Amino acid sequence: MADQEVGHATLLSNILQGRGAKQCTYQYPFQTVRSFIDFCQKLTRWGESGVFGFLEHLDSRAAATLLLDSISTESRQQMVFRQFEGLFPMPVWFIPGITQSMAWTLLAPYLVECPAENPRIEWQNFPALNVTNNPDATPYWNTSVIGNETTPAITHNRTDPLSYPGRDIFLSWETPGQKVSYNQSYTTNTTAGEPKFVAWISQLNTTYTPLTNINGQSGQTIQPGGRVFGDNTAPVVNGSMFVLITDSDLYVTPFNLSMLNPHVVAGPAVYQSG
């Protein structure tokens, strides 16, 4: 996988003809092997979703084709990391895209230092969002009980799911104005009004649930149900997906999701629904 990433970086450098950013220093939060794998399956999810979100907006169709060739490999990486963690490898029918500002918000905190000559990244940094009771896929169970094992495998069907519709979700978020990313050179900001909704970006849908019990920078909601195409089709919420706090339940499609940016109070966070 490391060699694949070197190949992807080489491709981007060739496309940009030497005008791209030079290598930065990163710091990641994991301390154990399973937390490393868990972080990587989340990282590859927002990596692929971030690219899917802007591909169709590129003026250069040739560049978009090359980027699609690389991000298809990252999708395979995400599936394999799920297998390493003992999760079902392909839990959704569709991989959602997210906006560049959403992807940058997720990535920026892990950048520690970058060369001074690197071009400044102009996308918005939203305030950070934390799901305080996010389902945890890292516990290791090597058991003969079918459906409860979390050893690395081609596939496991979990008898006890990580999450379910109607589950209480507890959220906390930062105020804007926090210094983030390399050299503390970026500042989080939002143009949104008061927090009112939680947006769930998964599959082909952006689904909203009311934000309740708001107390300062914390609140509560419930995990939504629903199916992608109605009864007997895939559940909307599954896998590693995205939640945000918004001031509006604005109707958006996978193509025009960036219309949601002005309404983001905080987030996204990756929600480990399955």
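Predicted model: local features only at pLDDT ≥ 70, side-chain atom pairs only at ≥ 80, totals over all residues.
Biologist: How many salt bridges does the structure hold?

Modeller: Side chains of opposite charge can pair when their charged atoms come close. Pairs that meet this description include Asp38 with Lys42 and Arg45 with Glu48. The number of salt bridges in the structure is three.

Biologist: Which residue forms a salt bridge with Glu117, and how many residues apart are the two?

Modeller: Glu117 pairs with Lys22, and their closest N and O atoms are 4.0 Å apart. The bridge joins distant parts of the chain: Glu117 sits in the loop between strand E2 (111–113) and strand E3 (129–131), and Lys22 in the loop between helix H1 (2–16) and strand E1 (25–26).

Biologist: Where do Asp38 and Lys42 lie, and how far apart are their closest N and O atoms?

Modeller: Both residues belong to helix H2 (residues 33–55), and they are four residues apart, about one turn of the helix. Asp38 is buried, with a relative accessible area of 11%, and Lys42 is buried at 14%. The closest N and O atoms of this salt bridge are separated by 2.5 Å.

Biologist: Which residue forms a salt bridge with Arg45, and what is its relative accessibility?

Modeller: The closest N and O atoms of Arg45 and Glu48 are 3.0 Å apart. Because the two residues are three apart in helix H2, about one helical turn separates them. Arg45 is buried, at 6%.

Biologist: Which element gives the largest share of the largest nonpolar core?

Modeller: This core has 20 residues, and Leu129, Leu171, Trp173, Trp200, Val243 and Ile245 have the most contacts inside it. Two or more residues come from each of E3, strand E4 (168–173), E7, strand E11 (240–246) and strand E12 (264–272). The largest share, four residues, comes from E12.

Biologist: Which residues does Val243 touch, leaving aside those up to four places away in sequence?

Modeller: Val243 is among the residues with the most contacts inside the largest nonpolar core. Beyond its sequence neighbours, Val243 touches Leu129, Val131, Val198, Ala199, Trp200, Gly267, Pro268, Ala269 and Tyr271.

Biologist: How many residues of helix H4 (residues 100–107) are buried, and against which elements do they pack?

Modeller: The buried residues are Ser101, Met102, Ala103, Trp104, Thr105 and Leu106. Six of the eight residues are thus buried, so H4 is largely enclosed by the rest of the structure. The elements against which they pack are H2, E2, strand E6 (186–187), E7, E11 and E12.

Biologist: Is the pair of Tyr26 and Tyr28 stacked or edge-to-face?

Modeller: Tyr26 is partly exposed, at 39% relative accessible area, and Tyr28 is partly exposed at 34%. Their ring centres are 5.9 Å apart and the planes meet at 20°, so the pair is stacked.

Biologist: What is the geometry of the pair formed by the rings of Phe197 and Tyr208?

Modeller: Both residues are buried. Phe197 lies in strand E7 and Tyr208 in strand E8, so the pair ties together parts 11 residues apart in sequence. With centres 6.4 Å apart and planes at 75°, the pair is edge-to-face.

Biologist: Which residues form one aromatic cluster with Tyr26 and Tyr28?

Modeller: The count of aromatic pairs comes to 16. Tyr26 and Tyr28 form one cluster with Phe30, Phe36, Phe39, Trp46 and Tyr110.

Biologist: Which residues form a nonpolar patch on the surface, and what is their accessible area together?

Modeller: Leu204 belongs to the patch and lies in the loop between strand E7 (197–202) and strand E8 (205–210). Leu204 is partly exposed, with a relative accessible area of 38%. The patch is formed by Trp93, Leu204 and Phe229, and their accessible area together is about 340 Å².

Methods. Residues numbered from 1 in each chain as written. Heavy atoms only, no water. Patch = residues over 30% accessible without salt bridge, like charges linked within 9 Å, V, L, I, M, F, W, Y side chains within 5 Å. Areas by Shrake-Rupley, 256 points an atom, 1.4 Å probe, with all protein chains shown as cover. Salt bridge = Lys/Arg side-chain N within 4 Å of Asp/Glu carboxyl O. Buried < 20%, exposed > 50% of the residue type's maximum accessible area, 1.4 Å probe, protein only. Core = buried A, V, L, I, M, F, W, Y, C linked by side-chain atoms within 4.5 Å. Contact = heavy atoms within 4.5 Å. Phe/Tyr/Trp six-rings, centres within 6.5 Å; stacked < 30°, edge-to-face > 60°.
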